[in-house]
Amino acid sequence: RWSLSAGVYGNDIADDDRRRFDGESFIARGTFVPLRQDGWLWHVGASGEYRQGANDATLRLRSRPETVVTNARLVDTGILRSVDELVTVGVETAVRRGPVLVQAEYLQASAGRDALAGGDADFSGGYVAASWFITGERRDYSEAQGAFGGVKPKQDWGALEVALRASTFDLDDGLITGGKQDSLTATVNWYFE
């Protein structure tokens with residue numbers, strides 16, 4: 001009913017496209033299933049990352065819209081200089097009852113910076129999502145990985161799902177005006193084998 005994973009990492013080859021923050025990090029994630037009976041499944045989890053910046057490390061956080069309708073980055077901190085460390089913590093939960101799944105996650109990132117560079121900065125983001133398989137399927141769940149997976153359609157023609165997601169991403173803190181992005185997405189998804 002639980003999972004725990006951890007790792008120690010150096011610089012990622014593709015890191016320039018994401019955060020632009022050189023250094024080493026320790027990452028951990030734990031999950032637990034307090035309820036799995038009578039068609040109910042309740043998942044909870046927590047994660048964290050501590051990343052020690054290299055000398056004179058810079059950090060950049062930015063994001064495209066979730067639906068990838070454009071390559072433009074609507075929120076962007078720009079390059080933050082003299083970042084000593086980045087601490088990110090997250091909490092997550094999900095409840096599945098038959099074909100219905102409701103899930104939520106929240107992340108808080110704190111960049112430790114030299115006072116001359118503007119001091120520490122905090123950023124946050126999260127989402128709440130709900131989905132319903134009209135055709136009766138449900139998402140598989142792996143307790144070993146602490147994650148929901150794919151769907152196997154019951155019908156030859158596939159499975160039909162409706163979903164709604166609300167999210168927020170805040171990259172503003174003090175003099176840093178990276179922007180705030182709020183999204184509301186409604187979808188109809190068709191899965192076939």
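**Pockets and paired charges**

Trainee: By class, how many residues does the lining of the second largest pocket have?

Mentor: A pocket is an open set of points on a 1 Å grid where a 1.4 Å probe fits, with protein on both sides within 12 Å along at least five of seven lines, and a lining residue has an atom within 4 Å of a point. Ala, Val, Leu, Ile, Met, Phe, Trp, Tyr, Cys and Pro count as nonpolar, Asp, Glu, Lys and Arg as charged, and the others as polar. Sorted in this way, the lining of the second largest pocket has 8 nonpolar, 7 polar and 4 charged residues.

Trainee: Before we go on, what kind of model is this?

Mentor: Residues are numbered from 1 along each chain as its sequence is written, and side-chain values use heavy atoms, with hydrogens and water left out. Local features need pLDDT of at least 70, side-chain atom pairs count only at pLDDT 80 or more, and totals for chains, interfaces and linings use all residues, for this is a predicted model.

Trainee: Which strand gives the most to the lining of the second largest pocket?

Mentor: The pocket is lined by 19 residues, and among those nearest its centre are Gln-103, Ala-129 and Arg-165. Strand 7 (100–113), strand 8 (121–133), strand 11 (159–173) and strand 12 (176–191) each give two or more residues to this lining, a strand being a DSSP run of at least two residues. With 5 residues, the strand that gives the most is strand 12.

Trainee: What space lies in the largest pocket?

Mentor: Its lining holds 31 residues, and Leu-61, Arg-62, Thr-88, Leu-107 and Phe-169 are the closest to its centre. By class, that lining divides into 10 nonpolar, 11 polar and 10 charged residues. The second largest pocket has a volume of about 340 Å³, whereas the space in the largest pocket is about 880 Å³.

Trainee: How many residues apart in sequence are the parts that Glu-66 and Arg-165 tie together?

Mentor: These two form a salt bridge, with their closest N and O atoms 3.0 Å apart, and the term asks for a side-chain nitrogen of Lys or Arg within 4 Å of a carboxyl oxygen of Asp or Glu. Because Glu-66 sits in the loop between strand 4 and strand 5 while Arg-165 belongs to strand 11, the parts they tie together are 99 residues apart.

Trainee: Is Arg-60 buried or exposed?

Mentor: Arg-60 meets Asp-76 in a salt bridge, with 2.5 Å from N to O. Buried means under 20% relative accessible area, exposed over 50%, and partly exposed in between, with a 1.4 Å probe and protein chains only. Asp-76, at 23%, is partly exposed, whereas Arg-60 has 18%, so Arg-60 is buried.

Trainee: What is the relative accessible area of Glu-161?

Mentor: Glu-161 forms a salt bridge with Arg-139, at 3.5 Å from N to O. Arg-139 lies in the loop between strand 8 and strand 9 (141–142), and Glu-161 in strand 11, so the pair ties together parts 22 residues apart in sequence. Arg-139 is buried at 19%, and Glu-161 is buried too, with a relative accessible area of 2%.

Trainee: What separates the C-alpha atoms of Phe-21 and Leu-59?

Mentor: Phe-21 is in the loop between helix 1 (15–18) and strand 2 (23–37), where a helix is a DSSP run of type H or I with at least four residues. Its relative accessibility is 0%, so Phe-21 counts as buried. Although Phe-21 and Leu-59 are 38 residues apart along the chain, their C-alpha atoms are separated by 4.7 Å.

Note on methods:
Grid points are joined across faces, edges and corners, and a volume is the space filled by probe spheres set on the points.
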